[in-house]
Amino acid sequence: MRLDKFLAQSAIGRRKEVRIYIKEGMIKVNGEVVMEPAMEINENIDVIEYIDNIVQYTKKVYYMFNKPAGFITAKRDTVNKTVFDFFHDVNVDGLFHAGRLDKDTEGLLLFTNDGEFEHKLMYPQKYVEKIYFFLGSWFFRRTRYKGIRAGSLYWER
């Protein structure tokens, strides 16, 4: 595995950040300062240090979460409760949500520490189809229903 990938997966920072740490001499492999982000390491054998602290390899994790209404999709917020408030028994270092749902929206939300997975899922050029369900509390004509089915999200009551 590449050193920069190992550090990013171990929640030291994003890939771009850990490359800077490596080039600034903040990373040691088996006691030796290294300067090459693409260096191949064995995560099961090599000892990796960041500012003299041993880095533990973090395996990729994936969580499916049924987000209730009333919580915001964020790690921290000073005003509102967040979806991360539900992860009491989980180490959330390096964990992030893939996508987001508005505060009053409920439904499936994915969490992971796998940036590559999140990129493939959310990057517009990779296009992953998503299906949403709509429940309205008022009557609307069939022509408006057809517009909604076709992807139109605007109509007047």
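This is a short tour of one protein structure, stop by stop, for you to follow in your viewer. Keep in mind that you are looking at a predicted model.

**Stop 1: the largest core**

Select L3, F6, L7, V18, I22, I27, V29, V34, I41, I48, Y50 and V55. These 12 residues make up the largest nonpolar core. Which elements give two or more residues to this core? Colour α1 (3–9), α2 (15–23), β1 (27–29) and β3 (48–50) to see them. The biggest share comes from α1, with 3 residues. As background, nonpolar side chains in soluble globular proteins tend to be buried together.

Now click on I27, one of the core residues. Leaving out neighbours within four places in sequence, I27 is in contact with L3, L7, Y21, I22, E32, V33, V34, I48, E49 and Y50. Elsewhere there is a second, separate core of 9 residues, and F65, V83, F87 and L101 are among them.

**Stop 2: T73**

Next, select T73, in the loop between β5 (62–67) and β6 (96–98). Is T73 buried or exposed? T73 counts as buried, because its relative accessibility is 11%, and the cut-off for buried is under 20%. Show its side chain and you will find that it reaches the backbone oxygen of L101 at 2.8 Å. Not counting residues up to four places away in sequence, T73 touches K67, V83, H97, G99, R100, L101 and L109.

**Stop 3: the largest pocket**

The space inside is about 660 Å³. Two elements to colour here are β7 (107–112) and α3 (115–122), which each give two or more residues to the lining. Of the elements, β7 gives the most, with 4 residues. What classes of residue form the lining? It has 12 nonpolar, 3 polar and 6 charged residues.

**Stop 4: two backbone angles**

Most residues other than glycine have a negative phi. Select I51, in the loop between β3 and β4 (53–54). Though not a glycine, I51 has a positive phi of about 50°. I51 counts as partly exposed, because its relative accessibility is 47%.

Finish at Y127, in the loop between α3 and α4 (142–149). Its phi is also positive, near 30°, and Y127 is not a glycine either. With a relative accessible area of 62%, Y127 is exposed.

How values were computed:
Residues numbered from 1 in each chain as written. Predicted model: local features only at pLDDT ≥ 70, side-chain atom pairs only at ≥ 80, totals over all residues. Heavy atoms only, no water. Buried < 20%, exposed > 50% of the residue type's maximum accessible area, 1.4 Å probe, protein only. Polar contact = N/O pair within 3.5 Å; in protein donor to acceptor, adjacent residues only side chain to side chain. Contact = heavy atoms within 4.5 Å. Core = buried A, V, L, I, M, F, W, Y, C linked by side-chain atoms within 4.5 Å. 1 Å grid on protein atoms, 1.4 Å probe; cavity = no way out; pocket = protein on both sides within 12 Å on 5 of 7 lines; lining within 4 Å. Points joined across faces, edges and corners; volume = space filled by probe spheres on them. Nonpolar A, V, L, I, M, F, W, Y, C, P; charged D, E, K, R; others polar.
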